[in-house]
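Trainee: Could you walk me through the charged side-chain pairs here?
Mentor: Happy to, let's take a look together.

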Amino acid sequence: MWFKNLTVYRFNKPFSVDTEALEKSLEDFTFSPCSSQDISKFGFSNALGKQGQTLVHSANNRHLICATKEEKILPSQVVKEALEDKVAQIEAEEDRKLAKKEKDALKDEIIITLLPRAFSRRSQIRALIIPEIEMILVDSSSAVKAEEFLALLRKAMGSLPIIPLSFKVPIESQLTDWVKTDSTPAPFEMQDEAEFKSDSDEGGIVRFKQQDLTEAEVLAHIEVGKQVHKLALHFGQSIAFLLQSDAGIKRLKFSEEFRAGNDEVGTEDPMARLDADFALMGSELIALMNSLVEALGGLEESI
């Protein structure tokens, strides 16, 4: 339930969500396990996992969706060795060298043969659609996986007018200024981790961890032209995270004190607790994104 990373997109056209219509749209793309000959499958699954019954979980006009991916694991070395054996056998029998096209065809055949015996692994990715702030928050540290998720959602919905989150002022300029002046806008508080990067090809990358970022040896990197591309921050007393210059938010962690806000709900009714946690998380993520947009000088005008 609790998101661990955020890859953020915003709507560049007015967008609203009808829960029933969205549920129906996703049904045609529901996840099903791999068959013996499938190398991977990707589709939507219950938003609240085993406790849920619907593909979309909505509350306060915030909509949680989830997709599951199953992939067959075929170690490349196993395929390579099987291919080498088969090629050697055919070349010996026919007394000739096989062409690349023939080897490629053999490789495909070997993969098909091995698939039924391959192990599989599953992974899930969730996203929160929030029309209130005109954003989609994808719980993924990988932009590639986030785009894969959104491509499936776009296919299901027919259209999805979104663009990656971007700001008027480059994030690295803002972060560099915060470190240089030892001043972060409330309610943010700078922590003890950062990554500095030079814009020049000859320059390097310097990472600090468990380091006072106000010390002279740290600030010296700014003086020679490096900029802060990653900075660990706290949002009030609720969330710790690492903000990146590409607007990615990594290692999102809700404090125990904040999560304890729903302890009175208890755990006897798992669905009630999940629903309460969803509401609590959604409200705080909205507050976080609104505060970030303000602190970083506003969003870039959409095209």
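**Salt bridges**

Mentor: Glu 148 counts as partly exposed, because its relative accessibility is 31% and that term covers the range between buried, under 20% relative accessible area, and exposed, over 50% (1.4 Å probe, protein chains only). Keep in mind that this is a predicted model, where local features need pLDDT of at least 70, side-chain atom pairs count only at pLDDT 80 or more, and totals for chains, interfaces and linings use all residues. Residues are numbered from 1 along each chain as its sequence is written, and side-chain values use heavy atoms, leaving out hydrogens and water.

Trainee: How many salt bridges does the structure hold?
Mentor: Side chains of opposite charge can pair when their charged atoms come close. A salt bridge needs a side-chain nitrogen of Lys or Arg within 4 Å of a carboxyl oxygen of Asp or Glu. For this structure, the total is 15.

Trainee: Which side chain meets Lys 69 in a salt bridge at 2.8 Å, N to O?
Mentor: Lys 69 itself is buried, because its relative accessibility is 16%. Its partner at 2.8 Å, N to O, is Glu 148. The two are 79 residues apart, with Lys 69 in strand β4 (residues 62–73) and its partner in helix α4 (residues 143–157); helices (H or I, at least four residues) and strands (E, at least two) are DSSP runs, numbered from the N terminus. So the name you want is Glu 148.

Trainee: Is Glu 195 buried or exposed?
Mentor: Glu 195 forms a salt bridge with Lys 230 (3.8 Å, N to O). The relative accessible area of Glu 195 is 7%, so Glu 195 is buried.
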